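Here is a short briefing on one structure. Keep the sequence and the 3D view open while you read.

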Amino acid sequence: MLLRRLQLRNHRNYAHLDLSMKPGVNVFIGANGQGKTNLLEAVAMLALSASPRARREVELVGPVAAASRIEAVIEASGRRMELTIALNVEGDRAHRTIEVDGARRRAFDLPGHFRVTLFWPDDLGLIKAGPDQRRRFLNQLLVQVEPGYARSLSSLRRILEQRNSLLKRIAAGEEASEQLEVWNAELVRTGTEVVNARAKAVHELAPEAARCHAEIGGGERLEIEYLGPPEDLAAAVHNSLAEDLRRGATSVGPHRDDLRVLLDGRDARGYGSQGQQRTAVVCLKLAEAELVTRRTGERPVLLLDDVLSELDLERRSALLRHVATGGQVVITSVDAGPFPPDLIAAATVWSVEAGEVKPCG
Ligand SMILES: Nc1ncnc2c1ncn2[C@@H]1O[C@H](COP(=O)(O)OP(=O)(O)OP(=O)(O)O)[C@@H](O)[C@H]1O
Ligand SMILES: [Mg+2]
């Protein structure tokens with residue numbers, strides 16, 4: 001997977017950008033607030049179709065006009081492709097148009113053309129925040145590599161909505177409890193699809209994450225464990241009926257899943273230091289990239305935003321050496337200090353200043 005050219009028009013603080021990206025390591029250096037994260041966000045949108053951070057799409061549109069545009073030339077499986085995401089502001093909303101090689105596509109048809117693995121500081125929530133962020137990590141990974149997963153996931157959401165509203169009506173005496181049977185069966189069937197995909201993915205991720213951590217971590221052992229619903233999901237759903245009726249919500253199923261992250265056998269959330277937690281998250285992301293590579297036959301573009309801060313010298317250079325051996329990497333930093341001289345010499349270095357990017361050195 002290769003990003004050849006990126007053009008931005010009125011995307012956040014970029015009025016106009018036309019960048020020819022190079023294979024290998026691309027380093028973007030700039031002070032705070034100059035546009036490093038905005039650049040990575042635009043690249044990530046080409047893979048995910050939506051911004052992973054903007055709460056409202058109008059946030060993405062810069063001050064120059066009521067419209068913005070992200071255009072890219074990518075290479076996937078040896079084929080050149082042009083991807084475009086255009087936003088047009090209408091009132092307080094933005095209308096999004098997506099094109100692949102000039103033909104209109106729906107938003108959910110874009111992922112799969114271009115794949116990235118993104119690390120940015122928000123991802124530290126994978127350890128620090130609640131289980132929903134860890135489920136999102138598994139979901140975002142699986143929609144990229146597991147055909148049918150996105151559909152199972154959206155069915156699961158619909159089943160839970162229907163089942164929960166039925167539970168409330170049964171509790172209010174408006175419906176008979178036999179009505180639940182069909183939704184229980186659906187929950188077990190679709191839930192099992194989701195659980196199997198997640199369990200398999202974590203099974204593949206775990207050794208990759210451990211290997212990566214052994215290479216760049218400070219000697220602790222990284223383990224990840226999938227915490228899914230009870231093995232006999234049908235029995236568990238059946239047994240939770242009284243509790244479900246009382247709560248008006250479904251208490252067992254993959255919507256309650258979690259991922260345990262352990263460092264030397266202890267919960268990374270409670271015991272890990274800042275730098276140890278960051279190292280663990282980075283390794284989960286690099287393991288994700290390995291899994292995507294193995295499943296699709298092609299290495300995703302690695303997007304690493306401000307990955308080096310909080311890491312000691314040894315971890316920084318081990319991490320940089322690890323990523324430099326792979327495919328295309330885009331990495332941001334506030335200064336060139338943390339980069340080993342030989343890596344900087346081999347990399348393409350850009351400077352980012354007030355929404356402008358220039359070759360450096
Ligand atoms: N819609 C928008 N229009 C114009 N400017 C915007 C818009 N959204 C964000 N910005 C500005 O873009 C600038 C650059 O943001 P960005 O997050 O890319 O900085 P950064 O280089 O990653 O900085 P840091 O090192 O602090 O992470 C910020 O000053 C921000 O206010
Ligand atoms: Mg930033």
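**Two packed helices**

In helix α4, Tyr149, Ser152, Leu153, Ser155, Leu156, Ile159, Gln162, Arg163, Leu166 and Ile170 meet a set of residues in α5: Leu180, Trp183, Glu186, Leu187, Thr190, Gly191, Glu193, Val194 and Ala197. By class, this contact has 11 nonpolar, 5 polar and 3 charged residues. Remember that the model is predicted.

- Two packed helices are described by the angle between their axes and the distance between the axes.
- Helix α4 covers residues 149-171, and helix α5 covers residues 180-216.
- Their axes lie 9 Å apart, and the packing angle is about 150 degrees.
- Angles over 145 degrees count as roughly antiparallel, so α4 is roughly antiparallel to α5.
- The crossing of α4 and α5 is left-handed.

**The sheet**

- Strands of a sheet pair through backbone hydrogen bonds, either parallel or antiparallel.
- Here, 6 strands form an open sheet in the order β2-β1-β4-β5-β6-β7, and the pairing is antiparallel.
- Strands β2 (14-20) and β7 (103-105) stand at the edges.
- Each edge strand has a single partner, so one side of each is left without a neighbour in the sheet.
- From one strand to the next, the twist averages 20 degrees.

**Strand pairs and hairpins**

- Strand β1 (residues 2-11) runs antiparallel to β2, and 6 bridges join them.
- His11 has Tyr14 in β2 as its bridge partner.
- Strand β5 is joined to β6 (residues 93-100) by 8 bridges, again antiparallel.
- Ile85 has Ile98 in β6 as its bridge partner.
- The hairpin of β5 and β6 has 2 residues between the strands, and Gly91 takes a positive phi near 65 degrees there.
- Strands β6 and β7 run antiparallel and are joined by 3 bridges.
- Glu99 stands opposite Arg104 in β7.
- The hairpin of β6 and β7 has 2 residues between the strands, and here Asp101 takes a positive phi near 50 degrees.

**A helix across the sheet**

- Helix α1 (residues 36-48) lies across β1, β2, β4 (67-76) and β5 (79-90).
- Helix α1 runs at about 115 degrees to β1.

**The ligand**

- Which residues are closest to ligand 1? They are Asn13, Asn32, Lys36, Thr37 and Asn38.
- In total, 16 residues surround ligand 1.
- By class, this shell has 3 nonpolar, 9 polar and 4 charged residues.

Notes: Residues numbered from 1 in each chain as written. Chains lettered and ligands numbered in written order. Predicted model: local features only at pLDDT ≥ 70, side-chain atom pairs only at ≥ 80, totals over all residues. Pairing = 2+ DSSP bridges. Helix = DSSP H or I, 4+ residues; strand = E, 2+ residues; numbered from the N terminus. Axes fitted to C-alpha atoms, helices over the stretch in contact; angles between N-to-C directions. Contact = placed C-beta atoms within 7 Å. Near = placed C-beta within 6 Å. Nonpolar A, V, L, I, M, F, W, Y, C, P; charged D, E, K, R; others polar. Parallel < 35°, antiparallel > 145°, perpendicular 65-115°, else oblique. Left-handed = near helix turned anticlockwise from the far one by under 90°.
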